[in-house]
Amino acid sequence: MHVAKVDFSTVLPRFLSLHIFSFLNPKDLCVAAQVSWPWKFLTEQDCLWMPKCIKFGWFLPYAPADNEYGAWKHHYIACVSNLDWLTPREAAAVYGTLNEPKTGDEELQERQREKCLRKAIWEKIALRKKELLRVRPPWGSGTRCWRLLESRYQPRLSQTSRGRVGLQEVVEKQLVSASLEALPRRSNVSGSHSYPLLSKKSWRGVYKNDDSSSRASQPHVVLISSRIPAYEVVVDSVRAGVISVVYEHSGLTLESLLYLIEKALDGKRAQSLGVFSDGNSREIHLLQGYKIGIKNLLRPEARDFWERLGSYVAPEEEGGHVDLFVPLGASEAGMEVLSQLSQLTGTLFTAPTGIATGSYQHILSDWLGRPWERAPPSIYFSESKLQVWSSLTDFLEDTLKSARKQLSPLFKELQKNISGRMIGQFVFDTMNMANILNNQGIAQALAEGLTELSKENSDKPLEFLSYFLLKKCSKKSKDLEGNVVLTERGPEAASGPSAKERNVMEDNPQDKKSSRSQNDPNFEVLVQLEKKLQVDSAEKRTKVVRELLQSERRYVQMLEMLRDVYVTPLRAALSSNRAILSAANIHIIFSDILQILSLNRQFLDNLRDRLREWGPAHCVGEIFTKFGSQLNTYTNFFNNYPVVLKTIEKCREMMPAFRAFLKRRDKTVVTKMLSLPELLLYPSRRFEEYLNLLYALRLHTPAEHVDRGALTTAIDHIKKYKDYIDQMKQDINMKEQLSDIQRVIWGCPPLSEVNRYLIRVQDVAQLHCCDEETSSSSRLYEHTRDLSLFLFNDALLVSNRSTSHTPFERTSKSTHQFIASVALHRLLIEDISDTKYIKNAFILQGPKCEWICATEGEDDKFLWLSVLQNAIRSSMEK
């Protein structure tokens, strides 16, 4: 029989050839690509390289074109070249490892040890390969990655085939877990042991002098998140005597937040504790990655946090309470969260019930819980400053961006709450915002008076205007007196029936039927209370619907402002042969927003018609359901939103006529001191208001009401669409954040990966041990250079930080040089105990590099190691 020698890749079907090549590792695939052109074509296919990239969590930042191949191979090579793998000579140049003198016996022992270890690893790897070949399923037979390849979707990190994890990765994960467990621990208040010990000093518990301390010595504490817009002005609004704790929204864990509270209390108990953070009517955005809601409230980590937080506050019998500055009282889910927290901790939790639309207007409304001498906002803050902040939040945030850039380097060494107070006071005094707020009220009253004057056409305009202002002033004073009377009588009216109801339940706990059968006055009280609750529910429901109508009217007016101020003049100029913009550019910029205006005008008309004949039995859920089915108009707008902004910028730069047009129209009285890009922000903010109002409306709608089901359906529609908007915002913010970091660090490899985000940046000092043979308590270390550690959710980036000063200037500039990047699941941590020669030190060890680091203070070390441990555990669980 004649034997033919042919290339199997030219005879076998391509599927079988690819199946054969799939058993090769990346290095062998690159060698096979040099054999022939058919082998090169086959070994560079994406179906071979994509699983190898996914195995390490490396994803393409784009979808390859139809005729493009080899993209995954190039991506694999680019990622491998950026890892912290150093040759022995490169390691010697960086760390001087080859220059360390060793005796002959030490070198011989080290070689024998390496030889034995290498032999054991080779034997285990060979055994592991045999097992994988024996149990490996046919290549591409219905696996997750094959289906993703067919559908051309980007895979997730959790979709990697965990059954194919090699022995080396398993050993690395075990080493990383062992390093986390080997770290020294500190005993927290609840008695558990789970976090590093930073100092050997004895911690004073939160119960110090608990029996002898008086209520007057118990301070008020407020936590302020850095995610709050213009949080510096909020910090400056804190009353004297109130302890403020400013914390970073990103880069902290629940344990580290408790550590900051413990340090602020200094062994005392708080009379009340306020949490001023971001959130909505269903959940609290306490920290990055910690959205506390009804679904995750009872998880062990969150439950332990709230239990310990409640132990820091005085009992409810002594007037202790926790105030959450998040409108949880405006939805059923939020009310359930407050109830669960109160039952879990034994402490009274309160939150605002406000349904007012707008930025943080809810904090100045009514609050749940029993009435105190002062409203919770006035306990912690100066009401005048807080009112200015809530009214001008967006403008303050824009102002503080430049103020932070100029002032933050000067306050870099100060604590965040002190620097925030200084910056907030500076901005508040400079802008004189109290006068701005008063001038806004005067300007609004004058505008109303001039409007009435134009309608009346009076012969004596000044007398008419003065009479109008006097009438408005007297009316406002009467309203103020009425509000004061209602406030004084409110607690009695609210507490009276509830107290009587409580007495009835306590006096006659078992004899309810007999009391109801007789003409008991207590039974009449219960009936009247039930009727009052029904009336209150109907009134609150009406109030929510009216707020919905008023806010929708304001929203439509803002959209009409875009049409009247910008679109109409541009179209008129185009029709008169004096074009400012071309028809195509006008269509790109304004077509979607005009369609949104048409949709919301129809929605407003439906709401107005329904409220005109409003009664307790009327419904608005069906109107929202119909509105939710037409949201493709908003989808077109958000998909084209980046193109619209770029078109505006391009036309402004290239067309002087359009630049002059915007200069005349932007930030005028007619546009309420807003520019065209700022006006285009309103559609993205409106859906959060819709959702809060719908939740509040369902909260005050009885279960047997006809509108209940339609409201639930409308909430599902609006919530799903709001999640879509939030995801778009998150993707854009993460992309910009990574690009900013890449610009800052010189020589930094590409950072754009799917689902990657920055957690924390920590400045440390790199140390070098002068003599490792001495005992750990007597070792001397020298400071070699300054490092900046950039912690991402999947990797740690190490950079060299250098500081340069400019003549005649106080501020300095920092530059960063890329050193290495280590995947978190391959990073080992080792603690270094404090001695008289070294403080706040630890060791970070990658596969090829090791860094001995030390922070400036013990707080920085605890916060850094806490968040680093949490990030490593999260990356290993994926």
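**Cavity and nonpolar core**

Reply: In this predicted model, a search of the whole structure finds 1 cavity of 30 Å³ or more. The volume of the largest cavity is about 50 Å³. Its lining consists of L599, Q602, F603, N606, I623, K626, F627 and Q630. Two elements, α23 (583-612) and α24 (621-628), each give two or more residues to that lining, and α23 gives the most, with 4 residues. Sorted by class, the lining of the largest cavity holds 4 nonpolar, 3 polar and 1 charged residues.

The nonpolar packing can be considered next. The largest nonpolar core has 64 residues, of which Y566, F590, I593, Y634, F687 and Y690 touch the most other members. At least two residues of this core come from each of α22 (521-575), α23, α24, α25 (632-654), α26 (656-665), α27 (676-679), α28 (682-699) and α29 (707-744). The greatest share is supplied by α22, with 15 residues.

With neighbours within four places in sequence left aside, Y690 is in contact with L548, E552, Y555, N600, F603, F624, F627 and I718. Two of these partners, F603 and F627, also belong to the lining of the largest cavity.

Conventions. Residues numbered from 1 in each chain as written. Predicted model: local features only at pLDDT ≥ 70, side-chain atom pairs only at ≥ 80, totals over all residues. Heavy atoms only, no water. 1 Å grid on protein atoms, 1.4 Å probe; cavity = no way out; pocket = protein on both sides within 12 Å on 5 of 7 lines; lining within 4 Å. Points joined across faces, edges and corners; volume = space filled by probe spheres on them. Nonpolar A, V, L, I, M, F, W, Y, C, P; charged D, E, K, R; others polar. Core = buried A, V, L, I, M, F, W, Y, C linked by side-chain atoms within 4.5 Å. Buried < 20%, exposed > 50% of the residue type's maximum accessible area, 1.4 Å probe, protein only. Contact = heavy atoms within 4.5 Å.
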